[in-house]
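Biologist: Please show me the structure. I would like to go through the contact between the chains.

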Number of protein chains: 2
Amino acid sequence: MTEPAYVAVDWGTSSFRLWLVDRSGRVLAERRSDEGMLAAAKAGFSGVLQAHLTAVSTPDHLPVLVCGMAGAKTGWVEAGYVDTPAPLAAILKQAARVPGAARDIRILPGIAQRDRAAPDVMRGEETQLLGALGLETEGETLVCMPGTHSKWVRVKDGTVAHFSTFMTGELFSVVSRETILSLAVAGADEAEDTASFKTAVKAAFAAPAFAANLLFTARSRQLLFGGTPAAARETLSGTLIGTELAAGLSGSVPKSAIALIASGRLATLYRQAFDALSVNVTPIDADEAVRRGLSMAAAAIWTK
Amino acid sequence: MTEPAYVAVDWGTSSFRLWLVDRSGRVLAERRSDEGMLAAAKAGFSGVLQAHLTAVSTPDHLPVLVCGMAGAKTGWVEAGYVDTPAPLAAILKQAARVPGAARDIRILPGIAQRDRAAPDVMRGEETQLLGALGLETEGETLVCMPGTHSKWVRVKDGTVAHFSTFMTGELFSVVSRETILSLAVAGADEAEDTASFKTAVKAAFAAPAFAANLLFTARSRQLLFGGTPAAARETLSGTLIGTELAAGLSGSVPKSAIALIASGRLATLYRQAFDALSVNVTPIDADEAVRRGLSMAAAAIWTK
C-alpha cells in the first residue's frame, strides 16, 4: 500500500464524503455519511471531521482539502466566492484555511454570479467542473449538473461564464410529499415507468409554462382514467426535469457540446430525459469528477 | 324580514360557507368556517351542516343546495361530473340528492375533461362560472379563477369548452414553507412589495421555463445583494403567478374578453399581475359569483 498524501472531503448540505488519497490520486480509503453541513453545524464540524479521519487512521500531519457547503456563511469557515466570469484556475488559489486547527485544513471557495437580474451561487459544483473539464479546456461547453438544486453552466476556455440554478430536485421532493399530489403517488414502489417519464419530459419541454398544470394532470389522469402511483410519480419527475431542460437548452450552445455530470439514479433519469428529446450528451460521473477536482486542487496547493 | 326560501352552501376542500337566502336571492344570514371537506370527512358531513343550519335557525322543511368538494368521491355524496364540452345549464340538471336526509339536500356535479392528453376536473368553479356568466352567454370568454388550484376556462356560448388547472397557490405554500426558500422569506410581514412582485411576474411571463430558476434567485439575490423577506416572498408569488399567466394567455382569446373571478387578496394580486403585463381583465367577485350560481341552480331545481 502506498503512503497517503492528503484527504479530500466533499461536504454538502446533507452529505459528507471523505477520501484518503495517495500522491498519484489513488483512493486508499473512503467514508460516506449523512453528516452534511446542516447536521455538522449542530454537532460541530471539527469533531465530525476528526472522527472520520480517525476511522481511516489518518496520520496527524496529513492535510485536508474540503469543497462544498462547509465553506458557506452558515458552514464551518466562510470560504468566499470567485466571481463570474470565474477562471476555474482561480478556485485553486483562494482556498480558506481553517484557523486554529492542528493540521492544514483548507476549504475551496464557491462561485458567485453578481448579476442583479440573474444572481446565483454555487458551492461544490465548481470542484466537479474542475475535475470534469480540467483547467485547459478550449471552446465552449454547456454543462448540466442535476441535483436538489441543479446547475446549468456555460464554461468558455476554462472560465465559468454564466450559470443558473434550478430547484428541480427540491421541488420534486415537496410536490410529491407535501401537496395533494402525494395522494396520487402514495404507494409507488421502485418500479420504473420510463414511458410515463419520457412522455412527461416531452410535454413539459414543449410547453414549459404549463408545468404547474402538467403536474396536476398526474392526479386528474388517475381520477378519470386510473393509473399506477409509479406512473404519477414519473409524471411529476418528468414534468420538472422536462421544464428544466427547456430552460437549459434554450440558449445557443450546440447540442454536441453538452456535458452531463451526474451519478447514480439522477444520471440515469437525466440520460433518459435527454434521450427523449434526441439530445446527445457526454456523461461524466459526478463522484469521480469531484474527487479528481479535489486531487487537482490538492496537488496545486501542496505540491511545491 | 322576508321568509327564507333555501340554503346555499359552498363546501370546498378546506372551507365551508353557508347562506340562508330568500326567494329573491337576498342573503338573510351567513356562516363561514374552516370545516371544509377534509375536516368534515372526519367530523361527519351531516352533523357539520346541521350545526350551521341550527345556528341560523333554519326551518326544518328548507332545502339545501351544495357545491364543491362535498360532492367528490372522498366527500359526502359523490355528485359525478358533467363532461366537457359542458353546457352550464347541464349543471342544474344533475344535482345528486343526499339519501336518507330529513330535508331535501342536493349537491351540484363538477365538470370533467376526459381528454387523455389534458385530463382535468373542477368542483365548485362550475357554480362560480354559472353565477358569473349566466346561462345565455354568447361568444367566447377566457376566465381566470385564481386559487390553491387555479383554473383557466374557455367558455363558448354558455358551454365550458376546455379548462386547465394550475397548482399555483399550493406551490406557493409549499415552496415558501418547506424548501430552502423558507429561509429567504422568514419574518416577512404583511408589508407588500408590489415592485418586486411585478418584476417577478414580468420575468416569469417572459421566460416561464425558468420558473424553478427564478424562484431560486429570491435566495441568491438576498445572499449577494441583501433584500427584505417581503421582497423574497413577492418574488416567489410573482414568479408562480407570472408563469401561470404565460400559460393561460398563450392561447388565442382576445385580451378584451378575459374575466378574472376572484376575491380578497388573490383578486388584488392577480389584478396587479395582469396590470404588469398590460392585459385588461373584467374583475368579478368570486364570493358573489358562487352565491349567484347557487341561487340560479336553486331557483331552477325548486321553482316549478
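Modeller: Some questions and answers on this predicted model follow.

Biologist: How much area is buried between chain B and chain A?
Modeller: The size of an interface is often given as the accessible area lost when the parts come together. Carbon and sulfur atoms give 72% of that area here. The total buried between chain B and chain A is about 3800 Å².

Biologist: Which three residues supply more of the area that chain B buries against chain A than any other three?
Modeller: Chain B brings 40 residues to the contact, and chain A brings 40 residues. Three from chain B supply 17% of the area that chain B buries. They are M167(B), L224(B) and F225(B).

Biologist: How many salt bridges does the rule find across the interface of chain B and chain A?
Modeller: Polar contacts do occur: eight residue pairs, both residues at pLDDT 80 or more. By class, the chain B side has 23 nonpolar, 10 polar and seven charged residues. For salt bridges, the rule finds zero.

Biologist: Which element gives the most to the side of chain B that touches chain A?
Modeller: Several elements give two or more residues, including β13 (159-166), α5 (168-178) and α9 (229-248) of chain B. α8 (211-225) is also one of them. With 10 residues, the top contributor is α8(B).

Biologist: How are the two copies related?
Modeller: Chain B can be laid on chain A by a turn of 180° and a shift of 0.0 Å along the axis, with an RMSD of 0.0 Å. The two copies are therefore related as by a two-fold rotation axis.

Biologist: What percentage of the contact residues of chain B recur in chain A?
Modeller: The same surface serves both copies. The share of chain B contact residues that recur in chain A is 100%.

How values were computed: Residues numbered from 1 in each chain as written. Chains lettered and ligands numbered in written order. Predicted model: local features only at pLDDT ≥ 70, side-chain atom pairs only at ≥ 80, totals over all residues. Heavy atoms only, no water. Contact = heavy atoms within 4.5 Å. Buried area = accessible area lost by both parts, 1.4 Å probe. Salt bridge = Lys/Arg side-chain N within 4 Å of Asp/Glu carboxyl O. Polar contact = N/O pair within 3.5 Å; in protein donor to acceptor, adjacent residues only side chain to side chain. Helix = DSSP H or I, 4+ residues; strand = E, 2+ residues; numbered from the N terminus. Nonpolar A, V, L, I, M, F, W, Y, C, P; charged D, E, K, R; others polar. Least-squares fit on C-alpha atoms with pLDDT ≥ 70 in both.
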